[in-house]
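Biologist: Please show me the model. I would like to ask some plain questions about its chains.

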Amino acid sequence: MSDQIILRVATKIIVPTILLYALYVQFHGDYGPGGGFQAGVIFSAAFILYALVFGLRRTHRVLPTWVVRGCASAGVLLYGGVGLASMVMGGAFLDYGVLAHDPKHGQHYGILLVELGVMITVFGVMVTIFYFFAARGREDL
Amino acid sequence: MGVLVDFALLAFLATTAIAVVRTTNLFAAVMLAGIYSLLTAGLFTVMDAVDVAFTEAAVGAGISTVLMLATLAFVGSRVKTPQLRITDISAKVPVRRPVFPLVVVLVTGAILIWGTGDMPAYGDPANPIHHHVAPRYLEESEHEIGVPNVVTSVLASYRGFDTFGETTVVFTAAVGVMILLSAMRRKDRFGEERWGEESVPDLFRGFAPTFWLGQDGRMRAPPSQPGEEDEGGTP
Amino acid sequence: MSTVADVLSWGFLLTGSFFVISGGIGVIRMPDLFTRLHCSGVTDTGGAGLVLVGLMFQGGLSLVTLKLLFILGFLWFSSPVSTYALARAALAGGEEPFWAEDLDLPPSARIPGFSPRPVPGEGEE
Amino acid sequence: MRVLGLYNYWIFIFLMMVGFYILISRRNLVKKILGLNIFQTSVFIFYISMGKITGGTAPILVEGAEAVVYSNPLPHVLILTAIVVGVSTTAVALALVVRIKEAYGTIEGDEISAMDNQIPF
C-alpha cells in the first residue's frame with residue numbers, strides 16, 4: 001500500500017470530512033435525522049477507512065487499542081451515569097427532567113449526554129471489532 | 001409516484017436476494033448483501049424512516065461488508081458445490097440437493113401469505129399501530145421534550161431504558177468478539193507456538209475466564225501453572 | 001419562474017437518468033472488468049451529476065441545494081478514487097484485460113496502430 | 001386496490017423465506033450468516049412499513065405547520081437500535097466462523113459434523 005499515492009491523498013482529505021460529518025450527525029440529531037447510533041458508526045467508518053489504506057500499524061498509533069476499548073465501556077457508563085445522576089437529583093432512573101431547573105432543559109441535557117454515550121459506545125465497539133478481525137492471525141501486531 | 005419507487009425497490013430487493021442464493025462465490029455474495037442493504041436503505045427513505053435509512057446505509061453497506069470481507073480473508077471465498085471440492089474431506093461428504101428445505105420454505109411462505117389476508121393495507125391511517133402510544137409521542141413530544149425529531153426523543157427519553165439495554169448488548173457483542181478472537185497464536189517464552197490464555201485482553205484479566213480454547217477449538221481447563229508448558233500446551 | 005425551473009429540473013433529471021441507464025447497460029454488456037469500470041464512470045459523473053443538478057433546481061436557493069452541492073462534490077471526489085482503487089486491485093489480483101485479439105476479428109477489422117497484447121514479462125514494471 | 005395494499009407484505013414474506021431457505025439449505029457457514037441477515041432485514045422492512053402512513057412525512061416536527069401527517073416513529077426507534085445490535089451479533093457470528101475455520105480447516109457444516117462424529121468416510 002505504500003506506493004498508492006492517490007489513495008493516500010484521497011483518504012487524507014476524506015477522513016477529516018467524515019469525522020466532521022459524524023459530529024454534525026451527532027449534534028444535529030435533535031433537529032434532523034441522526035443521533036448517537038449513526039454518528040458512532042460513521043465515526044468508526046472514518047478510522048476503518050484509514051486502517052484500510054494506511055495499514056493497521058499506523059492506525060494503532062493514531063488510535064491505540066486501549067482507547068477504543070475504553071470508549072466501548074465509557075459510553076455505557078456515561079449512559080448509566082446519567083440515569084444514576086437523575087436518581088441522585090431526586091427523580092426516577094433516566095428521568096432527565098430533574099437534571100435542570102426547567103424540565104425541558106433537563107430533557108435536553110439528558111438526551112445530549114445519553115446520545116453522546118451511545119455514540120462513544122458504538123464507535124468503540126465497531127472499531128474494536130474491526131481491530132480484532134483485522135489483526136487476527138498477524139504476528140507483527 | 002412513491003408507490004412506483006416502492007415497487008421498483010422491492011423488485012430489486014427480491015432479485016438481489018435470489019442472486020445471493022444462486023451465487024457460489026462468497027465474495028460476490030457479500031457484495032450482493034451490501035447492495036441489498038443499500039436498497040433497503042432506499043426503501044426506508046421511501047417509507048419516511050430517514051433515521052433508520054441512515055443507520056442501515058452506514059451499518060449494512062459499510063461496516064457489515066468490511067467485517068464480512070475481513071472474515072473471507074480467513075475462510076476463503078469458495079463454496080462447496082457438486083463440481084467443486086475444496087478440502088480433502090469434501091470429496092467424502094457428498095453435497096445433497098436441498099429438496100426438503102424448499103418444501104419447508106414453500107409451505108411456510110404459503111401459510112404466511114395466507115395470513116396477510118387479515119393484515120391492514122400498507123399505509124392505511126386506520127392501522128391499529130397508529131392509535132396506541134404513537135399519537136401521544138407525536139403530540140406531547142414538543143411540550144415534554146422540546147426536540148423536533150420525535151425519533152430522537154422517543155429513543156433517548158421515552159424509551160431510554162430500551163436504548164440503554166441495546167447499548168449494553170452492543171457492548172457485550174464487542175466483549176464476545178474480543179474473547180473469541182483474542183486467543184492469538186503466539187510464541188511463549190520457551191519458543192513454542194501455542195494458543196495462550198495470556199492473550200485474553202487485559203481488560204478481563206481480573207476475572208479471566210476459567211477456561212480457554214485449545215488449538216483444536218475444544219474447551220480445556222487452564223494450565224495450572226504458567227511454567228508447566230508441556231501439560232497445557234499444544235497437543 | 002417556477003415553470004422554467006421545473007422544466008429545467010426535469011430536463012436535467014431525464015438526461016441524468018439516461019446516463020445512469022446507459023451506464024448500467026454498459027456494465028452488463030462489456031466484456032471485462034476494466035471496460036465495465038469505464039462504463040460505470042458515466043453513471044458516477046454524468047448521471048449522478050445531472051440528477052443532482054436537477055434536484056437542486058427543485059430545491060431552489062436553500063440549505064437543501066447547498067447539501068446537494070456537498071454531495072456532488074463528495075461524489076465527484078470519491079468515485080474516481082474508488083474506481084482507480086478497484087482497477088488497481090484487479091490488476092494486482094491478476095485480472096487480464098480484454099484484448100482486441102480475443103474477439104477473433106478478421107485482420108481487416110483491426111484498428112490500425114492499436115497496441116497488440118504485450119508479451120508476458122516484457123514492458124512490465 | 002387490496003392487492004396493492006398487500007403487495008409489500010408478500011415481498012417481505014418472499015425475502016424472509018429466501019433468507020430462511022439459505023439458512024436451512026446451505027451448508028456454508030458464511031452463507032448461513034448472509035441468509036440470517038436477509039431474514040433479519042426482511043423483518044426490519046416489515047416493521048418500518050407498518051409505521052408508514054400514506055401521504056405522511058418523516059416524524060420530524062415542523063414549526064407552525066398544523067395539517068402535517070407524520071409517520072409512526074415507534075417502529076423507527078425499535079429498528080434503529082435493532083440494526084446496530086444486528087451488526088454486532090453478526091460480528092460475533094463471524095468471529096465464531098473464524099475460530100471454526102482455524103479449528104477444523106473448513107466452514108462447511110456437513111464436513112464439520114462428519115469430523116465431529118468420526119463417521120468413517
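Modeller: Start with helix α4 of chain D, whose buried residues pack against α2 (29-51) and α3 (73-104) of that chain. Helices (H or I, at least four residues) and strands (E, at least two) are DSSP runs, numbered from the N terminus. This is a predicted model, where local features need pLDDT of at least 70, side-chain atom pairs count only at pLDDT 80 or more, and totals for chains, interfaces and linings use all residues. Residues are numbered from 1 along each chain as written, chains are lettered from A and ligands numbered from 1 in the order written, and side-chain values use heavy atoms, with hydrogens and water left out.

Biologist: Which residues of helix α4 of chain D are buried?

Modeller: Buried means under 20% relative accessible area, exposed over 50%, and partly exposed in between (1.4 Å probe, protein chains only). Helix α4 covers residues 109-117 of chain D. Its buried residues are Asp110(D), Glu111(D), Ile112(D) and Ala114(D).

Biologist: What radius of gyration does chain D have?

Modeller: The radius is taken over C-alpha atoms, and the globule rule is 2.2 Å times the number of residues to the power 0.38. For a compact globule of 121 residues the value would be near 14 Å. The C-alpha trace of chain D spans about 75 × 35 × 15 Å along its principal axes. The radius of gyration of chain D is 21 Å.

Biologist: What share of the residues of chain D is buried?

Modeller: The count runs over the 121 residues of chain D. The buried share is 58%.

Biologist: Which residues of chain A lose the most area to chain D?

Modeller: Three residues together account for 56% of what the chain A side buries. They are Phe37(A), Phe133(A) and Arg136(A).

Biologist: How many helices does chain A have?

Modeller: Chain A has 0 strands. Its pattern reads α-α-α-α-α. The number of helices is 5.

Biologist: Why does Phe132(A) count as buried?

Modeller: Phe132(A) is in helix α5 (residues 103-135) of chain A. Thr65(A) is 67 residues away in sequence, and the C-alpha atoms of the pair are 9.6 Å apart in space. Phe132(A) counts as buried because its relative accessibility is 12%.

Biologist: Where is Thr65(C), and which residues does Thr65(C) touch?

Modeller: Thr65(C) is in helix α3 (residues 63-92) of chain C. With a relative accessible area of 13%, Thr65(C) is buried. Leaving out residues up to four places away in sequence, Thr65(C) touches Met56(C), Gly59(C) and Gly60(C).

Biologist: How far apart in space are Thr65(C) and Ala85(C)?

Modeller: In sequence, Thr65(C) and Ala85(C) are 20 residues apart. From C-alpha to C-alpha, the distance in space is 30 Å.

Technical notes:
Buried area = accessible area lost by both parts, 1.4 Å probe. Contact = heavy atoms within 4.5 Å.
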